[in-house]
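Morning, everyone. I have one structure to show and a few minutes to show it. Let me put it on screen.

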Amino acid sequence: MRDRFPLVVVGGLIVTALLGSWLVRGAARGGFADTLSTWRAQPDGARGLYLLAEESGLAVLRRTADLQIVQGMGSPVLLAVEVEDAREDDPDETALASGSDDEEEEDDEEVPRHGLNRLHVPELSEAETEKLLDHVREGHHLVYVPWGSKENRLLDAVGVKLRKADTSLPMRTLVPPLSSPYTLGVERVEAKVQAYLTLPETGAVPLLEDEPLGLTVAAVVPYGAGKVLVVGAPELAMNQALARADNAQFWLSALRALGPGPYEFDEHHHGFTNERSLVDFARRYGLHFAVAQLLLGLSLWAVALKRFGRPRPPPESVRVGATDALFAMSRLYREGRHHAFAAGLITRGLTQELALHAGLPAHAPVKAVSEGLAARGREDLANGLRAIARNTESTASESDLQQLATRAATLRQRIHPSGPPPGESAMSRAEES
């Protein structure tokens, strides 16, 4: 089993890569990010909006920390960030607007995730929501673009209700209902609408409304000493929509009218943190690259266990020194008549070497090693080891010791993965006898 361990590991990694392929979108630049993330360069990302604001002179940055600590934070921008414990107050209205009662149909109220973001993206927690509302109440501003039409505690606090838009309707033309600094230079905006806004009775300023229907899509709502910009058309912030009509101008005018910023685009709730790990690397650039690195490491490890070419002879000085030491040691044993002790050393070294092939520790006894070899189909090695162990006890002369050493060397030559060479069964039986 130990010899097959690298193959088992490699096979397990390949299977894991195949099963996890549905989580991977490839390694395209910006394709690893979540929907409406400012790092996503695909049509449903918001990278274009971030670069537009940056090139237009607005102070913008990406925030990868949570909202538990808001001290020193500028104006947060939440694009398609899901809020914890979101709900549908009127499920029948949502089903009617979607035009389908099929429960198995994909729910467009959920933010579409990409790759590993399905498992990695956190929701805006209750504690974070309270911190965020306190931050706005103290005089800062908030840009919030919800996905779908679910109600949540953030919208409840500012008094805004969402009404599900008819998904069967085509792209909508949105116009400013009145002149305001938030829509300076904006004549019409084109985008798909997911939800219409029901605003509080006082204080709210509608910015965009559906021209044929007269329903509000974007508005600025005062909250404490600050303001909240709510947009019910997430596509309006996507890369694919910025080139239409006056969509880009709307964002520039609205952000400039809200204040100088800095505008902090929340990326923590799109799955980005300051941590660096293998999981984070796989989520950003594709799982197959992380698996490829592991396979490369295993390949190098497996190659390191192999010897290429024949063994190189030791240097002459090492060879002569080892030979002299061996002769000196043999003379000591011969003059002192320690033949039994020398035979025990030979048997112990052979047992330790065979224990590795039996899958046992080096200190295993002869009986356990021979049984392990027999269990692995190496009866020839097991019988040879038992015969040498028996002869060790009867070694009493130099000739007996030399014969024992010869048998041990012959047995070592038969250690190889393919089993004993042809014609050695008779030799094994002769040694056993």
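Ground rules. This is a predicted model, so local features need pLDDT of at least 70, side-chain atom pairs count only at pLDDT 80 or more, and totals for chains, interfaces and linings use all residues. Residues are numbered from 1 along each chain as its sequence is written, and side-chain values use heavy atoms, with hydrogens and water left out.

The overall picture. The protein chain has 15 helices and 11 strands. Those are DSSP runs, numbered from the N terminus: H or I with at least four residues for helices, E with at least two for strands. Of the 433 residues, 41% are buried. Buried means under 20% relative accessible area, exposed is over 50%, and partly exposed is in between, with a 1.4 Å probe and protein chains only. Now contacts, meaning heavy atoms within 4.5 Å. Take those with a separation of 6 or more: 69% of them join residues 24 or more positions apart.

Next, strand S11, residues 263-266. In a regular strand, side chains alternate between the two faces of the sheet. Here both faces are covered. Tyr-263 and Phe-265 are buried on one side, Glu-264 and Asp-266 on the other.

Which strands pair with S11? Pairing requires that DSSP finds at least two bridges between two strands. S1, residues 60-63, runs parallel to S11 and is joined to it by four bridges. S2, residues 75-79, also pairs with S11 in the parallel sense, over three bridges. For specific partners, Arg-63 bridges to Asp-266, and Val-77 bridges to Phe-265.

Stay with Phe-265 and turn to aromatics. Rings of Phe, Tyr and Trp (its six-membered ring) pair if their centres lie within 6.5 Å; planes under 30 degrees apart are stacked, over 60 edge-to-face, the rest tilted. By that rule there are two aromatic pairs. Tyr-50 and Phe-265 have ring centres 5.5 Å apart and planes at 75°, so that pair is edge-to-face. The pair links distant parts of the chain: Tyr-50 sits in helix H2, residues 47-55, and Phe-265 in S11, 215 residues apart. Both are buried. The pair formed by Phe-250 and Trp-251 is edge-to-face too, at 5.6 Å centre to centre and 65° between the planes.

Back to Tyr-50. Arg-62 lies over its face, 4.0 Å from the ring centre. The rule there: NZ of Lys or CZ of Arg within 6 Å of the ring centre and within 35 degrees of the ring normal.

Now helix H7. How far apart are its end C-alpha atoms? The answer is 17 Å, which agrees with the 16 Å that its 12 residues should span at 1.5 Å a residue. That expected span is 1.5 Å times one less than the number of residues. Nine of the 12 residues are buried, so H7 is largely enclosed by the rest of the structure. Among them are Asn-247, Phe-250, Trp-251 and Leu-258.

Asp-246 touches Gly-185, Val-186, Glu-187, Arg-188 and Val-189, not counting residues up to four places away in sequence. The C-alpha atoms of Asp-246 and Val-186 are separated by 5.7 Å, though 60 residues apart along the chain. Just after H7, Gly-259 takes a positive phi of about 150°. Then comes a cis peptide bond, from Gly-261 to Pro-262, with omega near 0°. Pro-262 is in the loop between H7 and S11.

Some backbone context. Most residues other than glycine have a negative phi, and most peptide bonds are trans. Leu-36 has a positive phi of about 60°. Ala-80 has one near 55°.

Last, the histidines. His-269 is in the loop between S11 and helix H8 (278-285). Buried or exposed? At 2% relative accessibility, His-269 counts as buried. Its side chain makes polar contacts with the side chains of Glu-128, at 3.0 Å, and Asp-266, at 2.6 Å. A polar contact is a pair of N or O atoms within 3.5 Å; within protein, one must be able to donate a hydrogen and the other to accept it, and residues adjacent in sequence count only if both atoms are side-chain atoms. His-270 has a polar contact as well, side chain to side chain with Asp-34, at 3.5 Å. Asp-34 counts as buried, at 0% relative accessibility.
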